[in-house]
Number of protein chains: 2
Amino acid sequence: MSDNIPCVILVEPQLAENVGMAARAMKNCALKELRLVNPREDHLSAKALSASSNSEEVLRQAKVYNSTTAAIADLQYVLATTARHRDQTKKVFNADAGAAEIAVRLSNNEKCGLMFGPERTGLRNEDVCLADAVINVPLNPEHCSLNLSQAVLLVGYEFYKTQIMPQPPKLVTNHTRVADKEKVLSFCRHLENRLENFANYKDEHKKEKLVINLRNIFTRSEMTEQELNTLYGIINYLTTK
Amino acid sequence: MSDNIPCVILVEPQLAENVGMAARAMKNCALKELRLVNPREDHLSAKALSASSNSEEVLRQAKVYNSTTAAIADLQYVLATTARHRDQTKKVFNADAGAAEIAVRLSNNEKCGLMFGPERTGLRNEDVCLADAVINVPLNPEHCSLNLSQAVLLVGYEFYKTQIMPQPPKLVTNHTRVADKEKVLSFCRHLENRLENFANYKDEHKKEKLVINLRNIFTRSEMTEQELNTLYGIINYLTTK
């Protein structure tokens, strides 16, 4: 993946035509890498290719994953696009501020992704909680429904603008790099495995909520690999004490 | 026409479906008044109404004109949207600057319009020359073709943004507030107390570094009080297991 542009992750897109139109919108915004999580239809079907309107290479190079976690495993910073308000503690950026944030991360050599949900429902909570923050496109609150390709277009457009305007200031770099999502999630799973007999784990609903809360906490804190190792050490110490 | 929002003028749109989708994009951006110059198809056809997706009133209130000059006769400031470079001496705004210019004109009680050309060819030179300036959406120069509704959406979106206050990114919390520093530090101390015999705690230098690492992690994640309570529960569970 190019280090200087974010990839686009479409989670369970329903219609091949929409995937094609999203590819076209990506090309409009000079985005290149498309990742698809369990697309319902074939993204290389005639319908998809036709809708992509000369952006076939985006579709042909797209990669398909069988889970959102797999699709974001190598990324360090992910924004989830949502229209609805979510019952999660998460930073919410307007599209322009989110695009600026991505530009700063990229200039700091972080691999970034923009995640979009299925056409009808948008992203599920368990996908949103995997993202570092939420990106919201400010639109008429009385009519903010966008089709998938329009959402990709607006967010991509905001990113494109950051690339042609004065560059945002670089982040001061750490000595160790920000952990990628796979490492953060491995840690979360490690912790979750240690909680088997925790009271809240007996109730399936509470358990689900707890898992989402924990993943939010540890995703939001943008840990470095060193910090993750510290936490592993602590968990292991605590459980074997 | 509302004095505070620009009207949208579609010159010779070809497909009813595109007019419907443009109406939908207008509603996304809280634009209301649509003017059509010699549309090829009926803008109230079933295809148009269906494509408008709950924005039928924009179509039903649209006015049809038999010339561009008639459609803009009562306006004081008109921007022409073009993708290609035009051989005309005309001020060219990027979409955001054009939207800002429109916002200034509106606040000065000028009636304003945003003009878009036919799908295939864009605006003809004789229509562009009627506009005060040109508005250009910055996109990938190698692939800048947009469909009509997407052009309306991007320009409308830039205008919509001028109408809302810039929003700083906000942490959305629902049921509980972000914990104050005292609570976060109390939690850190609670955790630190449980680490008494942790290997890294025996070396005073390593201990100091560990404490700083931990406090960084938990400060950066901006936890809510509820999340802190979850973590207390987990630490207690792990240490008494």
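Chain B and chain A bury about 5800 Å² between them, with 59% of that area on carbon and sulfur atoms, in what is a predicted model. The contact draws 67 residues from chain B and 69 residues from chain A, and the predictor gives the complex an ipTM of 0.80 together with a pTM of 0.82.

**Between the chains**

- Four salt bridges are counted between chain B and chain A, and 16 residue pairs, both members at pLDDT 80 or more, are in polar contact across this interface.
- On the side of chain B that touches chain A, at least two residues each come from helix H1 (16-28), helix H5 (95-107), H7, strand E8 (170-172), helix H10 (204-220) and helix H11 (225-240) of chain B.
- Of these elements, H11(B) gives the most to that side of chain B, with ten residues.

- Lys161(B) belongs to helix H7 of chain B, which covers residues 148-163, and it forms a salt bridge with Asp96(A) in which the closest N and O atoms are 3.5 Å apart.
- Apart from its neighbours within four places in sequence, Lys161(B) is in contact with Asp96(A), Pro138(A), Glu158(A) and Lys161(A).
- Lys161(B) counts as buried because its relative accessibility is 16%, where the cut-off for buried is under 20%.

**Between the domains of chain A**

- The domain assignment of chain A gives domain 1 as residues 7-163 and domain 2 as residues 181-240, and the C-alpha centres of these two domains lie 27 Å apart.
- The side chains of Asp132(A) and Lys181(A) meet in a salt bridge, at 2.5 Å from N to O.

**Confidence in chain A**

- Chain A averages a pLDDT of 88, and 92% of its residues score at least 70.
- Over residues 167-174 of chain A, however, pLDDT stays under 50, and for this stretch the model has ten contacts beyond four places in sequence.

Key:
Residues are numbered from 1 along each chain as its sequence is written. Chains are lettered from A and ligands numbered from 1 in the order in which they are written. Side-chain values use heavy atoms; hydrogens and water are left out. Helices (H or I, at least four residues) and strands (E, at least two) are DSSP runs, numbered from the N terminus. Buried means under 20% relative accessible area, exposed over 50%, partly exposed in between (1.4 Å probe, protein chains only). Contact means heavy atoms within 4.5 Å. pLDDT is the predictor's confidence in each residue, from 0 to 100. Domain bounds come from an automatic or database domain assignment. Buried area is the accessible area (1.4 Å probe) that two parts lose on being put together, summed over both. A polar contact is a pair of N or O atoms within 3.5 Å; within protein, one must be able to donate a hydrogen and the other to accept it, and residues adjacent in sequence count only if both atoms are side-chain atoms.
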